[in-house]
Amino acid sequence: MENEKLIIQALVYGIIFLVLITTGLILFFHYSRQKIVQKELEKAAMKIENQQKILQTSIAIQEAERKRIAQDLHDAISSKLNIVSLSTNVLLTDKSINEKQKASLNQILEITTTTLESSRKIAHDLMPPILDEFGLKVALEELFDDFSANTTLEIEHNIENLSKLSRTNQLHVFRIIQELMNNSLRHGKANELAIYMEQNQTGFKIRYQDNGIGFNVKEVYKKKGIGLQNINSRVKILNGNLKMESTKNNGSLFIIQCKYHEQN
Amino acid sequence: MNLIDDVLHKLSLILLITNSVLFTYSSFKLKIKAIKYFAIYLVIVFFVLTSSILIISFYKELHIKQNNLFLSHFYFIFQFVFLSLFYRELFTTKQKNWVNLTFILVAFVLGVQYINNISLFYKFNLLEILITSFPLVIYSIIHLYNSLGKTGKYMYINAAILIYLSVSTLIFILGNLINTVDKSLSINVWLLNKVLYVGYLTVILIEWKKSLWKTKN
């Protein structure tokens with residue numbers, strides 16, 4: 001009897017031991033899995049962050065290159081053409097030239113003037129000099145005037161100057177609005193726009209609304225075009241977030257809310 | 001003690017019926033092979049259990065002192081077959097081949113053993129218990145391993161099988177020994193087995209609720 005009791009006792013403890021071991025095994029696998037999944041998530045997040053960085057860098061490079069080309073256009077072509085135009089004018093005042101030569105010179109003058117005008121326009125498009133000189137508010141107002149003059153777009157706007165923002169970041173805001181306007185016009189077929197920009201202590205907020213044909217927000221999120229990707233990257237650079245609201249035939253609304261970086 | 005024993009007994013029977021019905025229903029509804037095999041396993045276990053109850057009462061009527069241990073062979077062999085098939089559905093091709101090989105080996109060993117000694121039929125066959133339960137424990141660990149990188153299927157069933165099977169294997173292997181021990185002592189072990197069995201069936205029920213209940217509708 002005493003022996004039997006020992007056997008049963010050993011068995012009961014053996015069983016409990018086995019239960020604990022197997023439970024431990026299951027828990028071990030469970031937590032290992034969690035760890036692995038966590039690592040995978042971190043990897044995916046890092047990948048997205050890298051892509052974001054690449055995009056931001058490419059935008060920065062793009063802007064730098066635009067600036068360089070605009071500068072070159074101004075320095076190398078416009079100034080030389082100005083000299084051509086001046087010299088032609090000097091030649092034209094010469095009394096000894098005949099009518100044929102005069103006509104040729106006039107033609108040269110005309111071509112030079114139009115070329116100068118287009119190079120100025122290209123440079124202007126590449127890098128709005130007004131932004132550098134007069135700030136974001138003026139540049140945007142000029143952009144709106146430009147759009148209103150060339151299209152049937154009616155623009156209602158109320159822009160506060162973002163004086164705390166650095167020049168590069170002001171350029172990003174400018175490009176974002178430029179891109180949004182292009183989208184509204186090209187894809188949305190909008191004819192009315194309302195743009196508000198206001199700043200507060202910690203940051204600024206842009207509210208952009210059009211009356212275009214709208215789009216499916218979910219689909220656009222899944223398959224962003226280059227334009228929207230650019231906007232998104234620029235918003236990220238500005239330390240902000242972009243909210244889109246849109247339904248078919250009901251226009252679209254973009255709200256961008258940014259916080260100033262610590263160093264700004 | 002007898003009351004607890006009785007309650008556990010009835011509880012496990014009710015849970016077994018519920019699980020069998022639910023899983024059979026889901027297997028018809030969803031047409032997932034793994035669930036089909038698992039449902040067959042549950043139904044067979046249910047029949048083995050009810051027939052063991054019937055046989056005991058039948059012997060009691062006739063006042064014959066006979067045990068119902070021969071039913072344990074059906075229990076272990078069918079459990080091995082259908083749980084193997086269940087895991088086979090969840091495994092990769094290479095692992096499936098191993099399951100097939102194990103099938104052949106186990107069938108061969110058991111065949112040879114029973115031809116040699118037919119009297120094994122009337123008590124716990126220790127080798128049989130070992131070679132039909134141990135592969136299942138291994139399968140469940142393999143399944144745990146498979147689920148490391150991704151979300152595993154039927155993890156509750158798997159955990160239940162791993163815990164209950166390892167414990168019940170130990171109990172049944174020592175079954176012949178336990179049966180020689182005084183009944184007032186050995187009842188503790190069988191009670192423990194019943195508690196674990198109720199837990200096992202409850203976890204299976206939870207699995208049904210988690211992964212098959214919603215898809216049902």
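Chain B has 8 helices and 0 strands, where helices are DSSP runs of H or I with at least four residues and strands are E runs of at least two, numbered from the N terminus. This is a predicted model, in which local features need pLDDT of at least 70, side-chain atom pairs count only at pLDDT 80 or more, and totals for chains, interfaces and linings use all residues. Residues are numbered from 1 along each chain as its sequence is written, while chains are lettered from A and ligands numbered from 1 in the order in which they are written.

**Chain B overall**

- Of its 217 residues, 30% count as buried, that is, with 20 or more other C-beta atoms within 10 Å of their own, C-beta atoms being placed from the backbone.
- Take the contacts (C-beta atoms, placed from the backbone, within 7 Å) between residues of chain B at least 6 apart in sequence: 73% of them join residues at least 24 apart.

**A helix pair in chain B**

- The axes of α2(B) and α3(B), which are lines fitted to C-alpha atoms over the stretch in contact, come within 8 Å and cross at roughly 170 degrees.
- That makes the two helices, α2(B) and α3(B), roughly antiparallel, a label for angles over 145 degrees on a scale from 0 to 180 between N-to-C directions.
- Residues making this contact include B:F38, B:Y41 and B:V45 of α2(B), with B:F78, B:F82 and B:F86 of α3(B).
- By class, the contact has 17 nonpolar, 3 polar and 2 charged residues; Ala, Val, Leu, Ile, Met, Phe, Trp, Tyr, Cys and Pro count as nonpolar, Asp, Glu, Lys and Arg as charged, and the others, Gly among them, as polar.

- Beyond its neighbours within four places in sequence, B:F38 touches B:F23, B:F86 and B:I157.

**Where the chains meet**

- Chain A puts 18 residues in contact with 20 residues of chain B.
- The chain A side divides into 11 nonpolar, 4 polar and 3 charged residues.

How values were computed:
Two residues are in contact if their C-beta atoms, placed from the backbone, lie within 7 Å. Angles under 35 degrees count as roughly parallel, over 145 as roughly antiparallel, 65 to 115 as roughly perpendicular and the rest as oblique. A residue is buried if 20 or more other C-beta atoms lie within 10 Å of its own, exposed if 12 or fewer, and partly exposed in between; C-beta atoms are placed from the backbone.
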